[in-house]
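Here are some notes for a colleague who is opening this structure for the first time.

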Amino acid sequence: MLARRPHSFINHHNIILQNFFIKLKGLSRVASHQILFSTVSPEAPNYSELPTKLHKTERKPLIVGVNELKRRARLEKQMRQDASEIILQPPENGMLVKRLVPVAYKVCAARIELFTCLSKVMESIPVYVCRLCEEVHVGLVPNMIRTCNVPGSPPTKEHSWERGGIEHVLPLVESFHLYDRLGRAVSHSERLEVDRVPAILELCIQAGVDIPEYPTRRRDFPAYNIAGRIVDFERRFPKDDSSCKDINSFGFWEKSEKSRRCSQPPNLPPDDHYGVAKRGMEAWEKLRSGALQLMQKYAVQTCGYCPEVQVGPKGHRVRQCQAYKHQMRAGQHAWQEATIDDLVPPVYVWHVKDPNACVPLLDKLKRYYGKLPAAVEVFAQAGAHVGEAYAATLREDIAVPVLDEEKWVV
């Protein structure tokens, strides 16, 4: 009898816990360890945690798995052994994807409109940046959330705030400009001779946008893949344009007009901050969606350990990586396929639900606050509507406790 009592007690204890969680599940949703309890209807969106910052010894997650990369390497090795011709599709053969040329112009125009609207809205909405960890806060009063955990930070992990600029909201990601995207990669000795342009602009140039300051090669005939090697017959047998004077191969008048139209900043009303914020939010969505659409065809490479980005089918050979184990790579980057966050990095900031309130965000209530990209947060505080794409990180279904309820927060 004595040996059976502990087992019966454990069984009763398990039954009590099961009944408790069954009742609790009827009141709120419990999906996983990343989803919090909801305070509203079950139709509210689940909260998803943002990806944490990688440690300096960790590599960025791969888009394509290691097994798939090995399979592609074996296929390329087999192609080099077989002396046969492989017909390439645009843009692998150097030609443009015609249906993506208007998308490239829209992305280029959205980039200019986004910077113009953001600089206009930031005249009334301040942006703060920590001088130690470079964390960004958007709002009248900086937050008091203690997340400053870098060498040299105070023991309390409080931020040292100072006024920031547009470069903290939209960080500049540069890439080497390639005259021929199928040519050889930029070497280390050419690092000071090749221009550095914004990566999103370089993607638009390779996708069809013509800018006189950054000339690029446009082919009339495609390149071929023979025995695993790219063969460009235009380079080996250049055509004589003098016999074809009536053929305007470059399209100077039409493309120069498009270039001017793409580079003109939009005309914004001087006092309509809500209209400017609404246009800026639309430009942000066009920029992200258009760039993602271009990246499905035009390859973009990034380093697995540092923020370096190179637009093109392969990365450059400049030995400037100072990330983890760069000595083993002789300073070269560990190239892998890039994501949209590498090309247009969203700087996530704490969301302020009441922009006019002078009460800062508290550290003990940080589990109740949502996060948004800094550009979206700026436009949201100016009155623009935040789309449903950010509902999972906005925490709209969680009520922030008021001041007299702080003692009940656990």
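**Notes on the model**

1. Trp350 is buried, with a relative accessible area of 9%, and Tyr369 counts as buried too, at 8% relative accessibility. Please keep in mind throughout that this is a predicted model. The structure holds 2 aromatic pairs, and one of them is formed by these residues: the ring centres of Trp350 and Tyr369 lie 6.4 Å apart and the planes stand at 75 degrees, so the pair is edge-to-face. Because Trp350 belongs to strand E12 (residues 348-350) while Tyr369 sits in the loop between E12 and strand E13 (371-373), the pair ties together parts that are 19 residues apart in sequence.

2. The structure's 2 aromatic pairs also include Tyr305 with Tyr324, whose ring centres are 6.1 Å apart and whose planes make 50 degrees, so that this pair is tilted. Tyr305 is in the loop between E9 and E10 and Tyr324 in the loop between E10 and E11, and the pair therefore ties together parts 19 residues apart in sequence. Tyr305 is partly exposed, with a relative accessible area of 25%, and Tyr324 is likewise partly exposed, at 31% relative accessibility.

3. Strand E9 (residues 300-303) is joined to E10 by 3 bridges, the two running antiparallel, and Val300 stands opposite Val311 in E10.

4. Helix H3 (residues 101-121) packs with helix H8 (residues 273-295) at an angle of about 145 degrees, and the axes are 8 Å apart. The crossing in which H3 passes H8 is left-handed. In the contact of H3 with H8, the residues divide into 14 nonpolar, 4 polar and 5 charged.

5. Some details of the backbone may be worth checking by eye. Pro90 and Pro91 are joined by a cis peptide bond, with omega about 5 degrees, and Pro91 is found in the loop between strand E1 (85-86) and H3.

6. Where is Glu134 found? Glu134 is in the loop between strand E2 (127-130) and strand E3 (136-138), and its phi is near 65 degrees, a positive value in a residue other than glycine. With 61% relative accessibility, Glu134 counts as exposed. Lys325 also has a positive phi, of about 55 degrees, although it is not a glycine. Lys325 has its place in the loop between E10 and E11 and is partly exposed, with a relative accessible area of 42%.

Definitions and conventions
Residues numbered from 1 in each chain as written. Predicted model: local features only at pLDDT ≥ 70, side-chain atom pairs only at ≥ 80, totals over all residues. Heavy atoms only, no water. Pairing = 2+ DSSP bridges. Helix = DSSP H or I, 4+ residues; strand = E, 2+ residues; numbered from the N terminus. Axes fitted to C-alpha atoms, helices over the stretch in contact; angles between N-to-C directions. Left-handed = near helix turned anticlockwise from the far one by under 90°. Nonpolar A, V, L, I, M, F, W, Y, C, P; charged D, E, K, R; others polar. Phe/Tyr/Trp six-rings, centres within 6.5 Å; stacked < 30°, edge-to-face > 60°. Buried < 20%, exposed > 50% of the residue type's maximum accessible area, 1.4 Å probe, protein only.
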